[in-house]
Amino acid sequence: MILAIIALAVFYGIYFTKVLTQKRHGIQTCQIGRRKEKSVHTIEVLMGIATVCTPAAQIFSIVSGRSILPANARLSGFLVAMIGDIFFLLAVLFMKDSWRAGIPEKDKTELVTGGIYRYSRNPAFLGFDLQYIGVLLMYCNPLTVVCSALAMLMLHLQILQEERYLTKQFGETYSEYKRNVFRYLGRRIK
């Protein structure tokens, strides 16, 4: 139980620290659901709901102790979740003040391709996914399976939307980046 709480606390501690830091600099981090295009708005709102429901399901599962997996899966789950926390931390650190939750309507940010972004176009989303999978391994039950799967699906749909947005914003620069760096993890060897 303590390991799962640590994994969640680290992850959401990183998230809320970044949000508060950006707020102090006058940056509105949460852009979810602000776009007027119906498909973008809908996916962002559903993603927002899924990413709020999943930690609630995770906490419920941790407190109730419900898991269909053997207890020795918990250490593996903790390690996967902590790797997710590390990916997420590196993502927000390298993104600096360009990091947003959702696609900004008015904020213009720069394209970040250095640091962890040299190896993953979406390390923050990869961090979310690994954290969800890690907690799922620690406390696997139908509730966490459904919530985690839904959240991961919505995050993937958000990535697809962001790729279209970034292609429009940065043109060939982003297209070249896409050709060299994989969506989740890896680079093409030249």
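**Helices and cysteines in a predicted model**

The protein has a mean pLDDT of 87, with 89% of its residues at 70 or more; pLDDT is the predictor's confidence in each residue, from 0 to 100. The structure is a predicted model, in which local features need pLDDT of at least 70 and side-chain atom pairs count only at pLDDT 80 or more, while totals for chains, interfaces and linings use all residues. Residues are numbered from 1 along each chain as its sequence is written, and side-chain values use heavy atoms, leaving out hydrogens and water.

Helices here are DSSP runs (H or I, at least four residues), numbered from the N terminus. Among the elements, mean pLDDT is lowest in helix α2 (residues 38–64), at 86, and highest in helix α4 (residues 123–138), at 95.

Helix α1 (residues 2–24) is a friendly place to start: its 23 residues reach 32 Å from first C-alpha to last, close to the 33 Å expected at 1.5 Å a residue, where the expected span is 1.5 Å times one less than the number of residues. Its buried residues (under 20% relative accessible area, 1.4 Å probe, protein chains only; exposed is over 50%, partly exposed in between) include Ala-4, Leu-8, Phe-11 and Tyr-15. Their cover includes α2, α3 (73–95) and α4, with contact meaning heavy atoms within 4.5 Å. After α1 comes Gly-26, with a positive phi near 75°.

Turning to the cysteines, 0 disulfides are counted, a disulfide being a pair of cysteine sulfur atoms within 2.5 Å. The closest cysteine sulfur to that of Cys-53 lies in Cys-147, 6.1 Å away and therefore too far for a bond. Cys-53 is partly exposed at 38% relative accessible area, whereas Cys-140 is buried at 10%.

How values were computed
Helix = DSSP H or I, 4+ residues; strand = E, 2+ residues; numbered from the N terminus.
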